[in-house]
Amino acid sequence: MTIPEFSTGLIVRSQSGFFFVLTEKGGPPVTCQLRGRLKQGRREGELAAIGDQVVFTQLSDGTGSIEEILPRKSEIVRLDPRPQGEYRQILLANPDQAVFVFACASPTPRLRMLDRYLVIAEKQGLPAVIIANKIDLVGREQAEKIFGLYPPIGYPVIYACATPTQEGGARKSGQGVEELRERLTGKVSALAGPSGVGKSSLLNAIQPGLGLAVREISEAFQKGRHTTTVRQLFPLEGGGYVADTPGMRSLALWDTEPEELDGYFPELAALVAGCQFNDCQHKTEPGCAVRAAVQAGKVHPQRYDSYLRLRAGEE
Ligand SMILES: Nc1nc2c(ncn2[C@@H]2O[C@H](COP(=O)(O)OP(=O)(O)OP(=O)(O)O)[C@@H](O)[C@H]2O)c(=O)[nH]1
Ligand SMILES: [Mg+2]
Ligand SMILES: [Zn+2]
């Protein structure tokens, strides 16, 4: 009897119960399935996902059997309501950061949606970066009027233009593209943002063909039934991966209690201890440090408004 050889690798694509695993040795991904005993507990949710590090054994036909999923340091999870109960979908395992793309115009930026994304990132413990794309449509000054409130809170904003410009006959890559490439290199990034803001265009700008490849997968994701869902990590030439997470759009703040929400607004979280009441909702209570900070201009009114609306359960 031969002793099975164990390899470790990274799941870069998942599709209908098949996982494509890249090993450090390089070469094409090994098509793997989960070992039978791992499938117990499958009713509650997915066990393996893109971004997972796994241990697998090579079978004689060239495929692999996943024996173990190594502990995750982070994950982006969505709860999918199903007749037999909620199902835990893992959109991405082990992301290093979330990248949220919005346009300065067309479509009009909906900052409340951005705030909602930021809360989701905070909840999952992910650093977030904001891309303000289509800066060519409004100019830098106007773009900063829209997005300038975020850097002081701790969220970097990259002002970008995905479409290249012509300068003296030479094609010059758009503004912010280089900065975005640097931000992505060497990391696993979850990319999200409303439709039409230029996600695919930005990816194409940092790496030809990348946007197109990502779009194909995203479309498959949106059309797919649960079992035919395809998800993929796209390798970057300089190292690292990017994954489109269209499911993020419909990520509800499912298990967020109203009273923990202030903890996911970094600029509010720092103030809460100063409120007179422990259970202050920062609405009408006397001695509220949050409202005082809003009135003093230390907390941006838009962020405060987002907090109140999210807390009230509004979209
Ligand atoms: N003016 C301008 N137009 C842009 C820019 N980036 C993208 N566009 C245009 O905006 C439209 C949408 O761009 P996409 O890259 O397809 O947007 P997306 O975010 O991938 O959209 P979905 O795939 O639907 O989610 C296209 O017509 C692009 O040419 C930009 O920086 N400036
Ligand atoms: Mg796209
Ligand atoms: Zn308060």
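How far does a polar side-chain atom of Ser200 lie from an oxygen atom of ligand 1? The separation in this predicted model is 2.8 Å, a polar contact being a pair of N or O atoms within 3.5 Å. Ligand 1, taken alone, exposes 650 Å², of which the protein buries 71% (Shrake-Rupley accessible areas, 1.4 Å probe). An oxygen atom of ligand 1 also lies 2.5 Å from a side-chain N or O atom of Ser201, and a nitrogen atom of the ligand is 2.8 Å from a polar side-chain atom of Asp136.

The shell around ligand 1 holds 17 residues, each with a heavy atom within 4 Å; Asp136, Ala162, Ser195, Lys199 and Ser201 come nearest. Helix α5 (residues 199-206) gives the most to this shell, with 3 residues; helices are DSSP runs of H or I of at least four residues, and strands are E runs of at least two.

The protein chain contains 9 helices and 16 strands. Its radius of gyration, taken over C-alpha atoms, is 22 Å, close to the 20 Å that the globule rule gives for 315 residues, so the chain is as compact as a globular protein of that length; the rule is 2.2 Å times the number of residues to the power 0.38. Of the 315 residues, 47% count as buried, that is, under 20% relative accessible area (1.4 Å probe, protein chains only).

Residues are numbered from 1 along each chain as its sequence is written, with chains lettered from A and ligands numbered from 1 in the order in which they are written. Local features need pLDDT of at least 70 and side-chain atom pairs pLDDT 80 or more, whereas totals for chains, interfaces and linings use all residues, and side-chain values use heavy atoms, with hydrogens and water left out.

Definitions and conventions. Polar contact = N/O pair within 3.5 Å; in protein donor to acceptor, adjacent residues only side chain to side chain. Buried < 20%, exposed > 50% of the residue type's maximum accessible area, 1.4 Å probe, protein only.
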